[in-house]
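Here is a friendly walk through one protein chain, written to be read beside the sequence and the model. Take a moment to look at both before reading on.

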Amino acid sequence: MTLSYAVVTHAEHCLDYLREALFCHSDTTLEPVKEVAVDENGAPAKEGSTGVHIDLVAMGWGVTHRCRDWGALRDYMGNNWNDWPEEYKQASGMTH
């Protein structure tokens with residue numbers, strides 16, 4: 001199957017949009033690692049497992065994550081409303 005130029009460029013745009021969203025909104029909280037006994041497949045080791053070794057795993061539990069302050073963004077937008085071009089105000093659907 002051959003994809004058209006329009007389909008390929010649209011897919012590239014969508015994937016780039018997702019990449020940017022992940023990059024810009026990712027959580028930068030560091031999670032401590034814990035030593036965990038794992039088997040040869042990387043699963044938690046059970047009694048009698050073969051190939052058991054210790055691996056460092058970020059569990060993600062017990063860590064406080066910090067959310068972005070969307071209130072600050074809303075405040076900025078509200079405080080700068082008068083500077084917005086009229087077409088942006090109409091397109092936003094916001095009333096002030």
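Glu20 pairs with Arg19 in a salt bridge whose closest N and O atoms are 3.9 Å apart. A salt bridge here is a side-chain nitrogen of Lys or Arg within 4 Å of a carboxyl oxygen of Asp or Glu. Arg19 also meets the side chain of Asp16 in a salt bridge, at 2.8 Å from N to O. Shared partners join Asp16, Arg19 and Glu20 into one network. By this rule the count comes to two salt bridges.

A word on the ground rules: this is a predicted model, in which local features need pLDDT of at least 70 and side-chain atom pairs count only at pLDDT 80 or more, while totals for chains, interfaces and linings use all residues. Residues are numbered from 1 along each chain as its sequence is written, and side-chain values use heavy atoms, with hydrogens and water left out.

Where do Arg19 and Asp16 lie? Both belong to helix H1 (residues 5-25), three residues apart, or about one turn of the helix. Helices (H or I, at least four residues) and strands (E, at least two) are DSSP runs, numbered from the N terminus.

Buried means under 20%, exposed over 50%, and partly exposed in between (1.4 Å probe, protein chains only).

| Residue | Relative accessible area | Class |
|---|---|---|
| Asp16 | 31% | partly exposed |
| Arg19 | 48% | partly exposed |
| Glu20 | 37% | partly exposed |
| Val8 | 32% | partly exposed |

The areas come from the Shrake-Rupley method with a 1.4 Å probe, and for residues only the protein chains shown count as cover.

Now for the whole chain. Three helices and two strands are present, in the order α-β-β-α-α from the N terminus on. The C-alpha trace spans about 70 × 45 × 15 Å along its principal axes. Of the 96 residues, 6% count as buried. The accessible surface of the chain is about 8,800 Å², with 57% of that belonging to carbon and sulfur atoms.
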